[in-house]
Amino acid sequence: MAARRPINPSRRISETGAVLASSSLQSRSRSPSYMSIALILGALFVIGYLYRGKGAFGNPKAVNRVKGDVSCTAEVERAIPILKKVYGDSMLKVLHVGPETCFVVSRLIKEEGTEAFGVEPYDVEDADEACKRLVHKGLVRVADIKFPLPYKAKSFPLVIVSDAFDYLSPRYLNRSLPALTRLSSDGLVIFTGYPRNKKAKSVDKAKYGRSAKLRSSTWWIRYFLQMSLEENEAATKKFEQAAAKRSFTSNCQIFHLKSYQ
């Protein structure tokens, strides 16, 4: 998997820590050196504690995976409580499609009564043992989404896709998007990168085959209309309301679509 840098802690917090340390040192210029060390360590501890709870639910793996990249897969993990609020029973059986799907599947199956399956569009040779166990159990499949997947229509109430579409040309997107939509009975949720994050995308062409193509919301909306896909306005509104209550702000674009009837 591509290496990812953790999001920088808030500059405001670091500046506050610096002011506290500076003020203490000036007022006690003759204090022993161990006092300076204690103040610095204390400031670092506060920063680390606050950052641990910000946007990653205290999951160090989620933090590490955003190293050098805006990972929409990490965003899916953050959004799971909100998605459960929005989709209710539809979240009891979910298919996630995208790079690093093992992390999402592992997170989902911890939810009581939830069945989760994943499709990894790329190889898992460098994956950890936990991911390989999910593949062995059949919960995660390694499959090229440019071709039909081995699932029947409406096999899953909800299908969630992250990052995967960013590496597809329109030619292959024309195949994969309708195919994945047909696998869902209650809807499709797409997490995709913002064009402004293009420079942040670390690309391994040997793995992904092409550079990421990050498209604007205008492009996506026009494309959905061309593919006869309707926005799930009720789900979009519920998601926005639930996200506001949790102070959740995504680094990715999120689209809620209705399934084909």
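Residues are numbered from 1 along each chain as its sequence is written, and side-chain values use heavy atoms, with hydrogens and water left out. Because the model is predicted, local features require pLDDT of at least 70 and side-chain atom pairs count only at pLDDT 80 or more, while totals for chains, interfaces and linings use all residues.

The secondary structure comprises 10 helices and six strands, taken as DSSP runs numbered from the N terminus (helices H or I, at least four residues; strands E, at least two). Of the 261 residues in the protein, 44% are buried; buried denotes under 20% relative accessible area, exposed over 50%, and partly exposed in between (1.4 Å probe, protein chains only). Contact is defined as heavy atoms within 4.5 Å. Among contacts between residues at least 6 apart in sequence, 72% join residues at least 24 apart.

A nonpolar core is a set of buried Ala, Val, Leu, Ile, Met, Phe, Trp, Tyr and Cys residues joined through side-chain atoms within 4.5 Å. The largest such core has 30 residues, and those with the most contacts inside it are Leu83, Tyr87, Met91, Ile160, Phe191 and Phe239. At least two residues of this core come from each of helix H4 (72-87), helix H5 (101-108), helix H6 (129-137), strand S4 (156-162), strand S5 (184-193) and helix H10 (233-245). H4 gives the most to this core, with eight residues. When neighbours within four places in sequence are left aside, Phe239 is in contact with Ala79, Ile82, Leu83, Val86, Phe248, Ile254 and His256. A second, separate core of 28 residues includes Ala143, Tyr151, Ile190 and Tyr223. In soluble globular proteins, nonpolar side chains tend to be buried together.

With a disulfide taken as a pair of cysteine sulfur atoms within 2.5 Å, the count comes to two disulfides. In one of them, the sulfur atoms of Cys72 and Cys252 are 2.2 Å apart. The torsion about this S-S bond of Cys72 and Cys252 is about -110°, so the disulfide is left-handed. Cys72 lies in helix H4 and Cys252 in strand S6 (residues 252-257), so the pair ties together parts that are 180 residues apart in sequence. Both Cys72 and Cys252 are buried. Another disulfide joins Cys102 to Cys131, with an S to S distance of 1.9 Å. Here the torsion about the S-S bond is about 50°, so the disulfide between Cys102 and Cys131 is right-handed. This pair links distant parts of the chain, with Cys102 in helix H5 and Cys131 in helix H6, 29 residues apart. Both Cys102 and Cys131 are likewise buried. When the bonded cysteines are numbered in sequence order, the pairing is 1-4, 2-3.

Ser250 is situated in the loop between H10 and S6 and is buried, with a relative accessible area of 15%. Polar contacts are pairs of N or O atoms within 3.5 Å; within protein, one atom must be able to donate a hydrogen and the other to accept it, and residues adjacent in sequence count only if both atoms are side-chain atoms. A polar contact of 2.8 Å joins the side chains of Ser250 and Glu75. The Ser250 side chain also reaches the backbone nitrogen of Cys252 at 3.0 Å. Apart from neighbours within four places in sequence, Ser250 is in contact with Glu75, Arg78 and Tyr194. Arg78 is found in helix H4 and counts as buried at 13% relative accessibility. The side chain of Arg78 makes a polar contact with the side chain of Glu75 (2.8 Å).

Pockets were identified on a 1 Å grid over the protein atoms alone, as open sets of points where a 1.4 Å probe fits, with protein on both sides within 12 Å along at least five of seven lines; lining residues have an atom within 4 Å of a point. The second largest pocket holds about 400 Å³ of space, the volume being that filled by probe spheres set on the points, which are joined across faces, edges and corners. Of the 20 residues that line this pocket, the closest to its centre are Thr236, Glu240, Ile254, Phe255 and His256. Helix H9 (217-226), H10 and S6 each supply at least two residues of the lining, and the largest share, five residues, comes from S6.
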